[in-house]
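Dear colleague,

I am handing over the structure we spoke about, and my notes on it follow below. Please read them with the coordinates open beside you.

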Amino acid sequence: EGRNIALASMDGFRIGGIAQLRTYGDLIDIPVFALRDSADITGVLNRSEKYDLIFFDTPGFSPEDRESLEKLKQKIDVLLNAGAEIHLLLDATRKERDLKTVFGAYKKLQPSKLIFSKVDESDSIGNLFNIKIQSGLPVSYLTVGQRVPEDIEVAHPRRVASRLLGLFGSNGGRL
């Protein structure tokens, strides 16, 4: 769409996390910033006038890893203070009880929207719909395959409802 976009990764935890994001950045010819601490985040935010959008990738942690989540919250607070939207990504292949546990742990990061991933890998996404209702948060995007960015779709209500009702085949096409 002709927008000036950057990617920034806080994922120094996962082996190859930043390398994978750099590969995506190279493929679509956009800058990727590696962020180690709040000062790095502030540095990228200070350059924000150069970009229409900056996507910040965060590491995922077990909901039981309270120490890592608290460190992540400190970084997220810098973004929140700058007016950023926080989208929480939830995996469609998880059981509803597990999704509740994940949401319960991550709600301290103050997400304003949900992203549902791996929708193509689940026969039933009712568990996601339940979390959406319980959280009161809107759904912003769905991921429906391995191709990036082709398999990331905006979560239009009709599209989500069609997926919920099973009106899409395994290849994403309408039945």
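In strand β2, Val32 is the bridge partner of Leu7, and this pair belongs to the parallel pairing of β1 (residues 5–9) with β2, which extends over 3 bridges. Please keep in mind throughout that the model is a predicted one.

These strands are part of an open sheet of 3 strands, in which the order is β2-β1-β3 and the pairing is parallel. Because β2 (32–34) and β3 stand at the edges and each has a single partner strand, one side of each is left without a neighbour in the sheet. On average, neighbouring strands of this sheet are turned by 20 degrees against each other, if direction is ignored.

Two helices lie across strands of this sheet. Helix α1 (residues 17–27) lies across β1, β2 and β3 and runs at about 165 degrees to β2, while α2 lies across β2 and β3, where the angle to β3 is about 165 degrees.

In the loop between β2 and α2 you will find Leu35. Is this residue, Leu35, buried or exposed? Its relative accessibility is 6%, and because the cut-off for a buried residue is under 20%, Leu35 counts as buried. Once neighbours within four places in sequence are left aside, the residues in contact with Leu35 are Ala8, Ser9, Met10, Asp40, Ile41, Val44 and Phe56. Leu35 also lies 7.8 Å from Asp11, C-alpha to C-alpha, although the two are 24 residues apart in sequence.

Helix α3 comes next in my notes. This helix, which covers residues 66–81, has 16 residues, and the distance from its first C-alpha to its last is 22 Å, close to the 22 Å expected at 1.5 Å a residue. Its buried residues are Ser68, Leu69, Leu72, Lys73, Lys75, Ile76 and Leu79, so you will see that two lysines, Lys73 and Lys75, are listed among the buried residues under the cut-off of 20% relative accessible area. The buried residues of α3 pack against α2 (38–46), β3 (53–57) and α4 (96–106). Just after α3, Gly83 adopts a positive phi of about 90 degrees.

There is also an open sheet of 4 strands, with the order β4-β5-β6-β7 and mixed pairing. Here β4 (87–91) and β7 (152–154) stand at the edges, each with a single partner strand, so that one side of each is left without a neighbour in the sheet. From one strand to the next, the twist averages 25 degrees. Within this sheet, β5 (residues 113–117) and β6 (residues 139–143) run parallel and are joined by 3 bridges, and the bridge partner of Phe116 in β6 is Leu142.

Helix α5 (residues 126–135) lies across β4, β5 and β6, and runs at about 170 degrees to β5. Ser135 has its place in this helix, α5, and with a relative accessible area of 19% Ser135 is buried, because the cut-off is under 20%. Not counting residues up to four places away in sequence, Ser135 touches Phe103 and Leu114.

Conventions. Residues numbered from 1 in each chain as written. Predicted model: local features only at pLDDT ≥ 70, side-chain atom pairs only at ≥ 80, totals over all residues. Heavy atoms only, no water. Expected span 1.5 Å × (residues − 1). Buried < 20%, exposed > 50% of the residue type's maximum accessible area, 1.4 Å probe, protein only. Contact = heavy atoms within 4.5 Å. Pairing = 2+ DSSP bridges. Axes fitted to C-alpha atoms, helices over the stretch in contact; angles between N-to-C directions.
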